[in-house]
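Here are my notes on the model, point by point. Please read them with the structure open.

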Amino acid sequence: MVQERTLPMFQAASAQISAEEGLRLFEDMVLGRYFEDRCAEMYYRGKMFGFVHLYNGQEAVSSGVIKSLRPDDYVCSTYRDHVHALSAGVPARNVMAELFGKETGCSRGRGGSMHLFSSEHNFLGGFAFIGEGIPVALGAAFQSKYRRDALGQNDADQVAACFFGDGTTNNGQFFECLNMAALWKLPIIFVVENNKWAIGMAHERSTSQPEIYRKAGVFGIPGVEVDGMDVLAVHAAAQTAIARARAGEGPTLIECLTYRFRGHSLADPDEMRSKEEKQAWQARDPLSKFEAYLLEQKLAGEPELKAIKQKIQDTVDEAVKFAEESPDPSPDELHRYVFAEE
Amino acid sequence: MAETFLFNALREAIDEEMGRDETVFVLGEDVGHYGGSYKVTKDLYQKYGELRVLDTPIAENSFTGMAIGAAMTGLRPIIEGMNMGFLLLAFNQIANNAGMLRYTSGGNYKIPMVIRGPGGVGRQLGAEHSQRLEAYFQAVPGLKIVACSTPYNAKGLLKSAIRDDNPVLFFEHVLLYNLKEDLPNHEYLVPIDRAEIVRSGKDVTLLTYSRMRHHVMQAVKTLEKDGFDPEVIDLISLKPIDFETIGASIQKTHRVIVVEECMRTAGIAAEIIASINDRCFDELDAPVLRLSSQDIPTPYNGKLESFTIVQPKQIVEAVKKMMALQV
């Protein structure tokens, strides 16, 4: 018997999304899923190295939040960053090339899986250590407020979305940044992807208050608990939080209850989680669930969805081909980028 | 010319740069209403407002990370470390993000940021407040490290550091804030990558930085009386080291003593000596010597504390001993 928190109810029917919006979310989720599946394949074929943390199972969170943002908003991620980068608009070919360590990668082959960056897409980065991305996202949000309030730039209303996991919420930077965000009413959204496990440490074994969304309350920040396997529920919560942030009313914490379908990284034997638990969550696959919803609500037909899947399959195929064919960074440029050039 | 305290020279630098560039802002503990623990930002919040002179909660790692995020997105933060030792709490943000992020991002982001504040051994402040973090941070790629030593260079260096597009750790010394000097009335900059030849001489090159510059100059007074002619170079830039200036001096003197306030093990001198051996071993007439602080936590007791750091008398003795070597 798998003990789970009662998931918050969300009335999808009341979400009233357009067919266009539904397909946009679906396409982004398919991209996240197919891209990561291909990463696993490429890792086992020796095309990429190091620690590779895949996002399978959590797609509703990335798509639900990031696809609710504007392109000029900021996204800040963790070591599990491929799909956040994709949702933020970083082309799949540049993410794949980075994982292959190529010069055409979004970090020019210097970063790797846990250090994806794209200034062009306001993607502030993959941050490999726990919690260190939160203050960086806070800084982007501060910058937005600074431009508006100190420099009088009225169009400076960019919001920063900051992603991190359940394990990070026991880290000091989480609490320090909630405090400063609330204190200065910064336009930031803290998105906790609670997938129940910090590698092999069960969430309940590591924290005195497992309901993370409740931790926002002591800072006077709205804390929202969301079914992280339901993209529409995440999307709705994100929209509310973004509107609040943009209006200058301050931060929101969204706790998304989700699950990763693979081990912590591809190097993790994944021996701690029970088969029953994995099956129970697998049965709630956010992608199948949303696909069924789109069909039920007649927002899309089978051929349309099939065409999207084919398109994404082609995108990922092309990304691998691009990555394979791209050159390695030149050894002549080993020292480039240590300092900003004049 | 106006006689200016070192802390006010720094304040003038910040004031001028904030006036010149609206993306420059200050953040840290007690920098606003309180005016900074050494009054370097006194009353600036009244002139520039509370967002541009931002009092932060005591959360070093997070407000440092916040400054990095602000720098990545177009602002130019100046962090005041109330005491540079507190920045040990921000080591992760300074090393992993300020230092390495430009490289790991393949040049996607630059991080124009200054982290400044008092370091060094003061007067019986105890071990934790008497740190010399320049030695700990020198191994981090992507950081520039600067140490000022006079009101004149403090002002000109800080202005240059603020305009630099890289993260700069800017060390002031807790015992030098009340130094006074006549400063020019016109605007000036001092480059952060050049060592300063404080005294030209031909016998021996004394390399030093920060407060030890003043200990060295005290020693030089005695040495002059005894007929010696040392060259004194203030390193200014602790990373990268200005080997051009050092190399030229060694070609002249063929002897080097490094006088530093950091601890001996893996200190600034350790790196300089290794590099001198790599670059100009054949020029040397004697092994390079280093006078460093003892490898111990700085003791509270005043007498023990004075034995922990290098005193002028030791510098005099070291020079005489080196000059007595027959080659």
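**Notes on the predicted model**

1. B:Thr104 counts as buried, because its relative accessibility is 13% and the cut-off for buried is under 20%. The model is a predicted one, and that applies to every point below. B:Thr104 sits in helix H5 of chain B. Its side chain reaches the backbone oxygen of B:Leu101 at 3.3 Å.

2. Which residues does B:Thr104 touch, leaving out those up to four places away in sequence? They are A:Ser107, A:Arg110, A:Gly111, A:His115 and A:Phe117. That leads to the interface between the chains.

3. The contact of chain B with chain A involves 43 residues of chain B and 45 residues of chain A. The size of an interface is often given as the accessible area lost when the parts come together. Here chain B and chain A bury about 3500 Å² between them. Carbon and sulfur atoms carry 63% of that area.

4. How many salt bridges does the rule find across the interface of chain B and chain A? The rule finds one. It joins the side chains of B:Arg102 and A:Glu341, at 3.9 Å from N to O. The distance deserves a second look beside the cut-off: the rule asks for a side-chain nitrogen within 4 Å of a carboxyl oxygen. Polar contacts between chain B and chain A number 21 residue pairs, both residues at pLDDT 80 or more.

5. Several elements build the side of chain B that touches chain A. Strand S2 (24–28), strand S3 (53–55), helix H3 (60–72), helix H4 (91–99) and helix H5 (101–104) of chain B each supply at least two residues. H3(B) gives the most, with nine residues. By class, this side of chain B has 17 nonpolar, 19 polar and seven charged residues.

6. The chain is divided into domain 1 (2–183) and domain 2 (196–323). The contact takes 31 residues from domain 1 of chain B and 27 residues from domain 2 of chain B. The C-alpha centres of these two domains lie 26 Å apart.

7. Domain 1 of chain B and domain 2 of chain B bury about 2300 Å² between them, with 54% of it on carbon and sulfur atoms. On the domain 1 side, B:Gln124, B:Arg132 and B:Gln138 lose the most area to domain 2 of chain B. Together they make up 28% of what that side buries.

8. Across this domain interface of chain B the rule finds zero salt bridges. It does find 20 residue pairs in polar contact, both at pLDDT 80 or more. Helix H6 (134–137), strand S6 (144–147) and helix H7 (151–163) of chain B each give two or more residues to the domain 1 side. S6(B) provides the largest share, four residues. That side divides into 17 nonpolar, 10 polar and four charged residues.

9. Now chain A. Helix H4 (residues 92–99) of chain A is largely enclosed by the rest of the structure, because seven of its eight residues are buried. The buried residues are A:Ala92, A:Asn94, A:Val95, A:Met96, A:Ala97, A:Glu98 and A:Leu99. Their cover includes helix H1 (19–44), helix H3 (82–87) and helix H11 (302–325) of chain A.

10. One backbone detail is worth checking. Just after H4(A), A:Gly101 takes a positive phi of about 75 degrees.

Terms used
Residues numbered from 1 in each chain as written. Chains lettered and ligands numbered in written order. Predicted model: local features only at pLDDT ≥ 70, side-chain atom pairs only at ≥ 80, totals over all residues. Heavy atoms only, no water. Domains from an automatic or database assignment. Contact = heavy atoms within 4.5 Å. Buried area = accessible area lost by both parts, 1.4 Å probe. Polar contact = N/O pair within 3.5 Å; in protein donor to acceptor, adjacent residues only side chain to side chain. Nonpolar A, V, L, I, M, F, W, Y, C, P; charged D, E, K, R; others polar. Buried < 20%, exposed > 50% of the residue type's maximum accessible area, 1.4 Å probe, protein only.
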